[in-house]
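Thanks for coming, everyone. Please take a moment with the sequence and the structure on the screen. Then I'll walk you through a few contacts.

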Amino acid sequence: MTTSGSPVVSHGGGVSDGGGVSDPAAVQDAIEYCYERGWTDGLPVVPCDQALLDRFLAQTDRDPGDVVFAMPHLNRKCTVRLAALNAAMAGCRPEYFPVVLAAWDSLAAEGYLAKGIWQSTTGTAPLVLVNGPVRERIGLNGRGNVFGPGFRANATIGRALRLTALNAFGLRPRELDQATQGTPAKYTLCIAENEEESPWTPFAEQFGFAAGESTVTAMTIRSVVHVEARHTGVPEQLLRDFADTVARTGALLHETISACLVLSPEHARLLADAGWDRRRISGYVFEAAVRSRVELDLAGKGSVSRKSRWRVPADHPDAVPDREAESDPDSTVGDGRVHVLNSPDAVLVVVAGASNSGVSAVVETFGPRGDRPNVVRVQER
């Protein structure tokens, strides 16, 4: 499949006009045909004919030839038509397509993809966070098992992005995708915020969107780290647990890092009942997410490279002091504290999951963030 390729046609027929399967063997042949052409992520795809593609394109006012995203360094681009085709193959329903397009718009605004990050050895993936009424309309899960299987919209919206990466941009494993190990999130990672059980306003409203607007926020991420914290009702103790997870030395590739805290409703309520809002949580985690200089030196990450600003040992030939050492000489020795985040704005706070236990997650977002997240309105017809 190329940027100008034809849609996949049900190979030999098999789907009746009434929507029933008239010839299962023909459908199986079409699925195998897609495998043979390299159009899958390893799992079966939905064969797409022109009629199905047209149903997807009818969900948007954008021209099928409009470019959704381009990777100039690969001389490749994805059009609305190609995005729709891959969404259909991923198993999306047509009404999911506006969310898929919003996810692409958010990733484009973020900027990392155009720099080749999906080809990186790190093995990053996109997290798609959805807010607003569209969650309920299309059946997106923001409650129990939010990072797991069982919900078509969650599974297929994220998968649509990955299939597009494979089919429009050629980012196939061990070819243009050079991930050393990758992450299960490369199959799919799409969640809804659990607005109904959150003690705060929806995530998108922090950034100027009105109540009742449907939005998508996409972020390039490295991993999702489980935080088991059923042991305390003290906000500071709970947040220390999160800060320690954020500050693990294994996450410190760059000079500083960033994170999205995905709080279960139980943890969110514990904090809110004690008077904590998102801003205060981010500020506390920023201050608490530190490593001592000796800990960084023991891990070989006490300095940064002059050229890349990646963390390196102090005796590395390209080593220079990090910014913390430049601004606070006391941080250069022994137990001197080194912040792993560059500001409170590098910590985002979302509420998702079931209201049944003190289990949350730290999503390790890529890069030393601290600017406004790329929240995009879902444009539905």
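Arg62 is partly exposed, with a relative accessible area of 28%. Keep in mind that this is a predicted model. Now, what does Arg62 pair with? Its salt-bridge partner is Asp105, and the closest N and O atoms are 3.1 Å apart. This pair links distant parts of the chain. Asp105 sits in helix α4, residues 97-110. Arg62 sits in the loop between α2 (50-57) and β1 (67-71). The two are 43 residues apart. Asp105 is partly exposed as well, at a relative accessible area of 26%.

How many salt bridges are there in total? The count comes to 21. In general, side chains of opposite charge can pair when their charged atoms come close.

Next pair. Arg377 forms a salt bridge with Glu213, and here the closest N and O atoms are 2.3 Å apart. Arg377 lies in strand β14 (residues 375-377), and Glu213 lies in the loop between β4 (190-192) and β5, so the pair ties together parts that are 164 residues apart in sequence. Are these residues buried or exposed, or in between? Arg377 has 38% relative accessibility, so it counts as partly exposed.

Arg323 is in helix α11 (residues 323-327), and Glu255 is in the loop between α7 (235-246) and β6. So this pair ties together parts that are 68 residues apart in sequence. Look at the accessibility. Arg323 counts as exposed, at 51%. Glu255 is buried, at 5%.

There is also a network. Salt bridges that share partners join Arg135, Arg143, Glu195 and Glu196.

Now over to the strands. Please find β13, residues 359-365. How many of its seven residues are buried? Six are, so β13 is largely enclosed by the rest of the structure.

Which strands does β13 pair with? One is β5, residues 215-228. Seven bridges join β5 to β13, and the two run antiparallel. Another is β6, residues 259-263. Three bridges join β6 to β13, again antiparallel.

Val362 is the bridge partner of Val225. Leu261 also stands opposite Val362.

That's my tour. Questions, please.

Conventions: Residues numbered from 1 in each chain as written. Predicted model: local features only at pLDDT ≥ 70, side-chain atom pairs only at ≥ 80, totals over all residues. Heavy atoms only, no water. Buried < 20%, exposed > 50% of the residue type's maximum accessible area, 1.4 Å probe, protein only. Helix = DSSP H or I, 4+ residues; strand = E, 2+ residues; numbered from the N terminus. Pairing = 2+ DSSP bridges. Salt bridge = Lys/Arg side-chain N within 4 Å of Asp/Glu carboxyl O.
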